[in-house]
Amino acid sequence: DIIGIVWQQGEHDALHLTAARAWKERFRRFWRDLTVITGNPKLLAIVVRTMRFRPSCTYFQCIVSGNDMLRTMQMQVGTEVPFTDWLDIDDLATFPEARLHPKTHLPDEHIPSALIPEVGSRLASSMLRLLRRKLRWRETVNVSSSIRSSQSSEHIKADIGLVYCDVRENETISSAVISGLKQWRRLASWLPIVLWVGSSTHVNRQVVDLVGGDAHIHVGPSHLTYMSIRAFALLHSPFKYTVHVDGDSWPCPSAMDLILNVAGTADVVWTLAPRYPCGGFHRGACTKYISPQFAHILAEYKSFTERNIATVSVFTNSSRVRWWLHDVLRIYDTQARRIGLYHGSDQPAFREAFFLHRHNLSERLLSPEQACRPHDEFVNSSQCGCMCECSQCSFIHDKKHSKACRSLVATHVPNLA
């Protein structure tokens with residue numbers, strides 16, 4: 001039986017921006033066809049990301065932009081297509097066997113034959129890691145697929161918890177957070193919850209009872225804002241798998257099924273930032289950075305757009321994730337002082353810090369059909385009172401629409417609670 005393939009191709013596609021942009025969808029179709037031909041719907045695939053190579057024609061800018069686009073498409077395949085991953089071989093350019101152009105210092109488009117055994121060894125290691133991860137995956141990350149075995153789910157349940165943050169100066173906990181806590185208790189009464197608040201936030205008895213007692217409420221350092229406290233809270237999470245949502249992100253009845261099936265499949269499970277690729281900065285600039293080493297890989301950094309932890313995110317507690325979160329806090333402080341953030345957004349800091357650690361971290365992106373925003377085209381929210389009723393959404397992130405869901409639950413609509 002064929003359990004997987006390795007795929008190293010795309011140098012010619014990089015010569016044309018249109019072909020490079022179409023690479024991801026073409027590979028998706030190719031992978032789907034292979035699953036049919038092999039009879040293996042869980043076929044593994046490792047995609048080798050093409051190195052940045054020297055131009056082989058006079059249209060230098062076209063080739064460079066096509067090469068960057070191709071590399072982005074290959075990385076997206078490795079994070080979006082089920083049972084796939086991508087392999088980074090950029091460091092091969094530093095090997096003595098690499099053939100570098102004397103002016104650009106970039107390698108040829110084809111891997112030298114002397115380095116083929118090195119690439120093969122890395123592919124074998126990557127395939128073994130992917131095979132081990134496959135044993136923990138379900139069919140896909142969609143809720144509609146068959147869910148984890150009850151034994152595996154029970155194992156995840158023992159190690160998972162929810163972290164909420166609500167920092168308010170001299171105010172009480174928001175009604176949205178309270179409603180969200182009630183909904184989580186309806187969906188998963190067993191779920192441990194930790195709530196981080198500000199030093200002057202008023203916490204009433206109802207909130208204390210919902211989170212399970214005073215010991216589950218923590219006061220963050222006074223200099224942290226609503227945004228910056230999130231990385232701090234995640235860094236200090238007591239859970240092996242930490243779930244985080246914003247107060248205006250509403251969990252639908254399928255929310256817990258989704259979480260139990262994606263927890264532990266990557267260092268972080270989250271979503272792409274909505275609407276604007278780099279909207280956390282004023283004017284949405286994708287090329288702003290603090291880390292000096294990004295100056296040499298700016299095109300790649302520009303293509304790595306912001307992620308969002310607020311709709312729903314699941315973090316796996318490990319030393320590499322904690323190191324990343326440390327850098328989120330460090331970078332956020334510098335960004336806020338030097339660059340200026342849109343409403344104090346922490347998305348740019350999570351983005352830059354993740355890109356800084358990208359070779360040591362894995363991510364899994366939830367689809368917009370699961371983690372929903374009201375502007376998503378596939379959702380016609382005018383047809384129902386709550387988007388949980390008329391879509392496949394597991395989470396709904398929007399003040400207006402989550403409020404509609406809270407109102408319906410308050411009136412005891414059975415299929416929403």
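Author: Before we start on the helices: axes here are lines fitted to C-alpha atoms, for helices over the stretch in contact, and angles run from 0 to 180 degrees between N-to-C directions. Helices (H or I, at least four residues) and strands (E, at least two) are DSSP runs, numbered from the N terminus. This is a predicted model, where local features need pLDDT of at least 70, side-chain atom pairs count only at pLDDT 80 or more, and totals for chains, interfaces and linings use all residues. Residues are numbered from 1 along each chain as its sequence is written, and side-chain values use heavy atoms, leaving out hydrogens and water.

Reader: OK, at what angle do α10 and α11 pack?

Author: About 130 degrees, with the axes of α10 (319-338) and α11 (347-356) 8 Å apart. That makes α10 oblique to α11, because angles under 35 degrees count as roughly parallel, over 145 as roughly antiparallel, 65 to 115 as roughly perpendicular and the rest as oblique.

Reader: Which residues of α10 and α11 make the contact?

Author: Among them are Trp324, Leu325 and Ile331 of α10, and Phe350, Ala353 and Phe354 of α11. Contact means heavy atoms within 4.5 Å.

Reader: Switching to the sheet: what's the strand order?

Author: β8-β14-β13, an open sheet of three strands with mixed pairing. Two strands pair if DSSP finds at least two bridges between them.

Reader: And which ones are the edge strands?

Author: β8 (249-251) and β13 (371-372), each pairing on one side only. β13 runs parallel to β14 (395-397), over two bridges, and Ala371 sits opposite Phe395 in β14.

Reader: Which helix lies across β8 and β14?

Author: α5 (residues 175-187), running at about 20 degrees to β8.
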